[in-house]
Amino acid sequence: MNTCLLVTVGLLFFQEPGWTQDLPQTVRRLIEQANPNAKIEYCGAISMKALEYYLFAVTHEQVAGVVLVRNGRENPPTIIDADTSLFSHRDPNVSSLPEPVTAAIGKLLERRNAKRQMRSPPGPTWHSQEVSSIGDGIDRIISPISGFKLDSESTREIMHILRTTNTLSVEPANPPPGSIIISPTRFSPSGPVFFGHAGIVGLQGSIYSADARYGGAWVQNFTLASWLKRFSVSNGTYVFLLRTRRPS
């Protein structure tokens, strides 16, 4: 079982929830309908004043992400955030959630990941709050060459970084080797959730990325054709080249 962290008037305490005992049926139906083909892992609940937040780790083939559902006494449950990461490691203050909720989400994911690591063989390591390592995988490739780091696992933040940094946008249908390909997560409050992904284009249309099926290991797991088929309609696909700086 996974650990539930409840937050009430500054007091933190823990419970051990079951999938059916403490999870309202309306929340369960929402998350299942929003991700019908995915593996859904309930990570726990956060209680704050009159609101309950329910956290889920979701895996669909190569891609892993997190969904946060909010449930109030007078309103139906709503998906308020979903992405490959709910954290900004560049600017921790950008979250729209109350700080105690963000902190509790981090604790739940740290506990979830610690339990998984105890049961799994050693693998890639990244921020202890994360369920995806897409940015870390890209940084391991591009940072030694360019000195540039994304330092983010969120597809939406990575997209913003690539759009606003020293990059060149290129045509997704014919990306050059070494370019970064990204399809940002998209969702609606009542579902569905389409988790995005990011990777690096290799030779002959191959794409390398962190693969959730192998604990986030960096592998060749897409071709350009399979990436476009998977993501272009639901998420959109964008490709960027880092501009090289001329020596002074």
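This is a predicted model: local features need pLDDT of at least 70, side-chain atom pairs count only at pLDDT 80 or more; totals for chains, interfaces and linings use all residues.

Mentor: Residues are numbered from 1 along each chain as its sequence is written, and side-chain values use heavy atoms, leaving out hydrogens and water.

Trainee: Is Thr 155 buried or exposed?
Mentor: Thr 155 sits in helix H4, residues 155–164; helices (H or I, at least four residues) and strands (E, at least two) are DSSP runs numbered from the N terminus. Buried means under 20% relative accessible area, exposed over 50%, partly exposed in between (1.4 Å probe, protein chains only). Thr 155 has a relative accessible area of 0%, so the answer is buried.

Trainee: How many salt bridges does the structure hold?
Mentor: A salt bridge is a side-chain nitrogen of Lys or Arg within 4 Å of a carboxyl oxygen of Asp or Glu. By that rule, the structure's count is 7.

Trainee: Which residue forms a salt bridge with Arg 156 at 2.8 Å?
Mentor: Arg 156 is partly exposed at 35% relative accessibility. The closest N and O atoms are 2.8 Å apart, and the partner is Asp 81.

Trainee: How many residues apart are Arg 156 and Asp 81?
Mentor: Arg 156 lies in helix H4, and Asp 81 in strand S6. This pair links distant parts of the chain, and the separation is 75 residues.
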